Amino acid sequence: MFDKLGQLKDLWQLKNQIQEIKKRLDNMVIKVSSPNHIFDITISGSQEVKEVTVAETVATFPREKLGEELKEAINKAVHDSQALAAQAMGGAMGADLPKA
């Protein structure tokens, strides 16, 4: 009986930790540029795109390469936000996870 109560307490603490990490990730931002600086993407640690800016030089950039340029910027932004989230979760929860 007491073991079950302890597990419930651990789950409640884990839920609170996850909510706190989500709040922190929502407030963290990462800004990346595409390889040729045509696009700048700002993304939160929770992977919500906050802003996309397009350089004025986009008009002179080869049209057939724009999609690739944007794709690379988005992929870098997502990758960097995933790394940030993993770091935040690992540091905050690493040793505190309840045993199954």
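In this predicted model, His37 lies in the loop that connects strand 1 with strand 2. Its phi is near 60°, a positive value in a residue other than glycine. Most residues other than glycine have a negative phi. The relative accessible area of His37 is 55%, so this residue counts as exposed, the cut-off being over 50%.

Strand 2 covers residues 39-44 and strand 3 covers residues 49-54; the two run antiparallel and are joined by 5 bridges. Within this pairing, Thr42 stands opposite Glu51 of strand 3. The two strands form a hairpin, with 4 residues between them.

Gln47 is located in the loop between strand 2 and strand 3. Like His37, which has a positive phi, Gln47 is not a glycine and has a positive phi, here about 70°. With a relative accessible area of 38%, Gln47 is partly exposed, whereas His37 is exposed.

The largest nonpolar core consists of 6 residues, namely Ile30, Val32, Ile41, Ile43, Ala73 and Ala77. At least two residues of this core come from each of strand 1 (29-33), strand 2 and helix 2 (63-93).

Leaving aside residues up to four places away in sequence, Ile41 touches Ile30, Lys31 and Val32, then Val49, Glu51 and Val52, and finally Leu70, Ala73, Ile74 and Ala77.

Notes:
Residues are numbered from 1 along each chain as its sequence is written. This is a predicted model: local features need pLDDT of at least 70, side-chain atom pairs count only at pLDDT 80 or more; totals for chains, interfaces and linings use all residues. Side-chain values use heavy atoms; hydrogens and water are left out. Two strands pair if DSSP finds at least two bridges between them. A nonpolar core is a set of buried Ala, Val, Leu, Ile, Met, Phe, Trp, Tyr and Cys residues joined through side-chain atoms within 4.5 Å. Buried means under 20% relative accessible area, exposed over 50%, partly exposed in between (1.4 Å probe, protein chains only). Contact means heavy atoms within 4.5 Å.
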